Amino acid sequence: MSDISRRRLLGTAGAVGAGGLVIGAAGYSAAESDPPAPLTALGSTDVAFDGGAHQAGITTPVQSTGHLVAFDLAPGAGRTQAAALLRRWSASAQKMMAGRPVGDADTEIALDAGPSSLTVTFGFGHSFFDRTDLTAQRPAQLDPLPDFSSDQLDAKRSGGDLWVQIGANDPLVAFHALRQLQKDAGAAARVRWQMNGFNRAPGATASPKTARNLMGQIDGTGNPKPSEKDFDRRIFVPVSGQPAWMAGGSYAVVRRIRMLLDDWEQLSTHRQEQVIGRRKKDGAPLSGGTETTDMDLDKLGADGKPLIPADAHARISAPEQNGGAALLRRPFSYHDGISADGTPDAGLLFVCWQADPLRGFVPVQRKLDRGDALSAFVRHESSGLFAVPGGPKAGEYVGQRLLES
Ligand SMILES: C=CC1=C(C)c2cc3[nH]c(cc4nc(cc5[nH]c(cc1n2)c(C)c5CCC(=O)O)C(CCC(=O)O)=C4C)c(C)c3C=C
Ligand SMILES: [Fe+2]
């Protein structure tokens, strides 16, 4: 929690204790500065926008509301307009993440909520670099992902010049940020696609627990942990990495993966567990132990077959099965109503982070594409790959090192 939020939380609590509610009841005229609304720890928690090696929203615990938005630069907009846009976006994001209004034109949608762990993360797509005459600065890691045999991608909901990931533990705070950034885009950029997601509300369980997805599985257990010695090397571009403007950055692969829930829910719990390789109730591997026990991929059952089946999703995607390929999954669930055929349009906004997609998403998805038991129950419907620069220094805007190179 930053000083601003801590002051706000403590100051507010003190005011209430000292009779602040009476002051509140008396009311403040619009001309006076309104006292901040009382906040809980959830509302007052903030995440720093600048000063870190990496942008917020990558290792930040996943929030309960998420918006993923891709923008295309408007016809005629180039590097100058893009730089001005990133400057506006960064200024707004910094204020909103600190729980401050963005200015006189603030919509006041989030007025009473505090920062609520808001994060805003910005990335650049492959097409951005040609549009801004920065092709020479485009990293090879942004080369288009290969086609996968099971892909059923919708081009209109894929790609994009610019990508914004918004996360917050309050839906109004998240929407406020979304609305502000859309307004900031002005004539410089247009929304290409937008996806809205959610996760379990923080505080719903007495202690933090790995979230479940819409198939009911505990999802995220096998993620690399920041405490592991090779975590940074796997997830972030090193300070000495290329191109220099990506130092401390990461590559985000975004896939809208629809879950065929009507089919999935036909399976017995036993069969669902065989498909994943982990128990549904507690996420423990089928080889035994608890959620945090390592999978024993060699352990055989009484029938002489591996307890974690050969086509189980967790087996096939494990780093040891993919030459050490690892990625940090940070997804949101989504539900966009019911399709014309009566099935739920619901699933996973799969977002994963890595230092290089060719050492993360690509080899793992290639393997999953060939023999994952889960494939029969999911459909990849859209795809994006974005270069997400490192964290801005104080006073810098995201992408400044690229746009002013
Ligand atoms: C290409 C990468 C991956 C895609 C796409 C993907 C889709 C996907 N996954 C689940 C559910 C689970 N995945 C789990 C583990 C897991 N998945 C991937 C990669 C992709 N998943 C990895 C690298 C791992 C970790 C493997 C390991 O090291 O143990 C699990 C098990 C619990 C866990 O570790 O999180 C579940 C459950 C769904 C529903 C899905 C598409 C909709
Ligand atoms: Fe997975």
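The entries run from the whole chain down to single residues.

**Ground rules.** I am working from a predicted model, where local features need pLDDT of at least 70, side-chain atom pairs count only at pLDDT 80 or more, and totals for chains, interfaces and linings use all residues. Residues are numbered from 1 along each chain as its sequence is written, while chains are lettered from A and ligands numbered from 1 in the order in which they are written.

**Overall build.** I counted 11 helices and 9 strands in the protein; helices (H or I, at least four residues) and strands (E, at least two) are DSSP runs, numbered from the N terminus. The radius of gyration is 22 Å, close to the 22 Å from the globule rule for 405 residues, so the protein is as compact as a globular protein of that length. That radius is taken over C-alpha atoms, and the rule is 2.2 Å times the number of residues to the power 0.38. I looked up burial next: 44% of the 405 residues are buried. Buried means 20 or more other C-beta atoms within 10 Å of the residue's own, with C-beta atoms placed from the backbone.

**Domains.** The domain assignment, which is automatic or from a database, gives domain 1 (1-28) and domain 2 (46-403). Their C-alpha centres are 36 Å apart.

Residues 55-199 are 28% helix and 22% strand; residues 210-391 are 18% helix and 23% strand.

**Ligand 1.** Which residues come nearest? Of the 26 around ligand 1, they are Gln217, Thr221, Gly222, Ser317 and Gln365. Near here means a C-beta atom, placed from the backbone, within 6 Å. Strand S5 (250-259), helix H9 (313-317), strand S8 (344-354) and helix H10 (361-371) each supply at least two shell residues, and H10 gives the largest share, 4 residues.

I found a cis peptide bond from Gln242 to Pro243, with omega near -10°. Pro243 sits in the loop between helix H6 (231-235) and S5. Ser116 has a positive phi of about 50° without being a glycine, and Ser117 has one near 60°. Ser116 is in the loop between helix H3 (79-97) and strand S2 (119-124), and Ser117 is in the loop between H3 and S2. Ser116 is buried, with 29 other C-beta atoms within 10 Å; Ser117 is buried with 26.

Key. A residue is buried if 20 or more other C-beta atoms lie within 10 Å of its own, exposed if 12 or fewer, and partly exposed in between; C-beta atoms are placed from the backbone.
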